[in-house]
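Subject: Handing over a structure

Dear colleague,

I am passing this structure on to you, and below it you will find what came out of a first look. Please read it with the model open beside you.

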Amino acid sequence: MGAGFSRINAVTIIQTSQGLAEYLLSSHPDATRAGIVVGYDARHNSSHYAELAATVFESKGIPVWWYEEIVHTPLVPFGVKTLGAAAGIMVTASHNPAQDNGYKVFGSNACQINSPEDSRIVMSINKNLDPLVRSRSGESKRIPILQSMRNKYFSLLGKQIRSVKGGRSKVPFVYTPMHGVGLRYMSSVPELLGMKGSMTIVAQQAEPDPEFPTVRYPNPEENGALDLAFATADEKNVTIVLASDPDADRFAAAEKVDNVWRQFTGDQVGILLSYWLFSTIPGTVSSDDYFLTSAVSSQMLRHIAENEGFSVRETLTGFKWMGSVAKDLRETGRMVHFCYEEAQGYMFPEVGYDKDGIAAALVFLDACASWGSPWAKLQSLYEKYGYFQTMNTYWRSPSIDKTLMVFASIRDTAKPFPENVSSRKVLRWRDLTVGYDSSTKDNVPELPISTAGQMITCWLDGSGSDDGVRFTVRASGTEPKIKSKSPSHHMRDQSANTGDQFI
């Protein structure tokens, strides 16, 4: 946030909203009836920016379905889906630092906007840069929806519970909303599960605070972010810790095993949730039962699917892709049970087409109530399907130009791609920015090409410690980071975790 057209501020919020409004009026004939859903989190200026945006939409004759208080991000696409709105916006910067904020747009399909719609909205914004909005006057077109959407949301969430009520154990756990909005939604989860009184809250992080004073970054993935939660759990003699990021669309979990806190990776949580939902499918599992994962996530889910008879579809990273693919599959009669990506994002299409940290917490606790220890369950899955490990790391980039230089240098290493990475032979090379895949007949990737991003993946041969590694390096779409993911696999023992040592 700050002054100037390259920052988010009152003027750029008005300009963006004017452009989005004009786009909706031109592309959605029923926009003046269907309206737009507007929500905001507890960050600095979020409520102010949401008010400005709502005023713009009202001035253009577009009704505003208005969340009167702070909400977690998934309630906006849920509102779009439930109300049949033309679009939705959420003012949030998710787990970014305190000085950031953002403007997240969902289309009429209740998914994050994607190409080519995003480019068309940008064109419309650039045609409507003169701030024309004035204070609201006359009849308001703002309809409060918080209570009705909340009730419908939790009613639908309750239908995600798969365990048998009589055989469900109470799971004591510690929860931190990471100074965000999560507590006012997470507080309803234990009651839904019949586990009233099972949740202990991290007091220092319970209430919304846009400064995020107890953490360096309000991101459960960051080292040290869960230290207060671990300390609270130790004090209360609790072995399960759950966390959401500040807008509660991401979810993290940890368990104390043999007196050591073990934080589950995003892949590990994704596998546990996938397996729970697969194992509780009523009736016979078939190839029409789908689970979705991203191109940088673990291959373990696909391996389980090959053994158990359900289908896995891989998408590009980001729920703008995952949501639209899930919706398309469901519209052709397939049942999409669950979608996840390794960056702690978990989506339940029956509830909505975006990641949802509160829904993930409910399903995770539901599974734990039947399994007992989630860590022990994960080890049993490794023993059954093989050991899959992923090393995730990132480097902060000082500028977009520097990021582009890094990827240009990778591409300049060899044409069309290098034969080896360190001591390993390259079996396959895919570059989704330039549109190259060495494994296809015409060298065109099966996944969509995105020139706006940077993403290179290579498949490397196995070594004595693993059966092969898939290595991906990509630019983050939301943060100034270059990320790398290197999943490896070994059928026989836990040595798969050494498969990343070539980096």
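The lining of the largest cavity divides into seven nonpolar, one polar and two charged residues, where Ala, Val, Leu, Ile, Met, Phe, Trp, Tyr, Cys and Pro count as nonpolar, Asp, Glu, Lys and Arg as charged, and the others, Gly among them, as polar. Among the residues that line this cavity are Pro74, Phe78, Tyr153, Gly352 and Asp354, and the space inside comes to about 50 Å³. A cavity here is a set of points, on a 1 Å grid over the protein atoms alone, where a 1.4 Å probe fits but cannot get out, while a pocket is an open set with protein on both sides within 12 Å along at least five of seven lines; lining residues have an atom within 4 Å of a point. Volumes are the space filled by probe spheres set on the points, which are joined across faces, edges and corners.

This is a predicted model, in which local features need pLDDT of at least 70 and side-chain atom pairs count only at pLDDT 80 or more, whereas totals for chains, interfaces and linings use all residues. Residues are numbered from 1 along each chain as its sequence is written, and side-chain values use heavy atoms, with hydrogens and water left out.

The second largest pocket holds about 600 Å³ of space. Of the 25 residues that line this pocket, the closest to its centre are Glu221, Glu222, Asn223, Asn392 and Tyr394. Its lining divides into seven nonpolar, 10 polar and eight charged residues.

Best regards
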